[in-house]
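The sequence and structure come first.

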Amino acid sequence: MKTAIYPGSFDPITNGHLDIIKRASELFDRVIVAVIKNPSKKSQFSLADRVEMIKKCVPGVIVESFDGLLVEYARQKGAKTIVRGLRAVSDFDYEFQMALTNRKMAPTIETIFLMTDYRYSYLSSSFVKQIAALGGDVSELVPAPVAKKLKKRGE
Ligand code: PNS
């Protein structure tokens, strides 16, 4: 059973994340979407909300939360692969550093990158939040349950 972990803050999940989850699910027997409890940047949505939104958007996918080192969590889950999505070159530095740091700590765990679909290459959770907060339409950027939740927040 090949298990992959797809970690992130998912604050909130976007169509770009969703695309990566679907594509990773084609490659692995089991994909665990792992939502970090305390992201380095302050999250707008609570952990419970972030997890719930993902569960609503991708029924059937395992969604969990984790705390502490990602590689420790991956080990606990018996996962040898961490999946990350890569958008523009600007993602590269951070992702490269993170992948090498994780490899240093856990040489048997591999990080693989899925290139974003061109439709989502500009998309980020931060911009989605900003647009929604300013009354803009995010319905084509995020799954319907997330758009609904963002709209509710703005009311
Ligand atoms: O969606 P994000 O915010 O880019 O996800 C970042 C995440 C959660 C993957 C990263 O911050 C992480 O793995 N944090 C856990 C702590 C850890 O293992 N740090 C060492 C590796 S840099």
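The notes below are grouped by topic.

The model is predicted: local features need pLDDT of at least 70, side-chain atom pairs count only at pLDDT 80 or more, and totals for chains, interfaces and linings use all residues. Residues are numbered from 1 along each chain as its sequence is written, and side-chain values use heavy atoms, with hydrogens and water left out.

**Annotated site**
- An unreviewed UniProt entry places the feature "binding site" at Ser9, Lys41, Leu70 and Arg84; such annotations may be inferred rather than shown by experiment.

**Leu70**
- Leu70 belongs to helix α3, residues 70-77 (helices are DSSP runs of H or I, at least four residues; strands are runs of E, at least two; both are numbered from the N terminus).
- Leu70 is buried, at 12% relative accessible area (buried is under 20%, exposed over 50%, with a 1.4 Å probe and protein chains only).
- Beyond four places in sequence, Leu70 is in contact (heavy atoms within 4.5 Å) with Ile5, Pro7, Ile82 and Asn102.

**Arg84**
- Arg84 sits in strand β4, residues 81-86, and is buried at 15% relative accessibility.
- Residues that Arg84 touches, not counting those up to four places away in sequence, include Tyr6, Glu95 and Phe113.

**Helix α6**
- Val146, Ala147 and Leu150 are buried in α6, residues 144-154.
- On the other side of α6, Ala144, Lys148, Lys151 and Lys152 are exposed.
- The cover over the buried residues of α6 includes α2 (47-57) and α5 (125-133).
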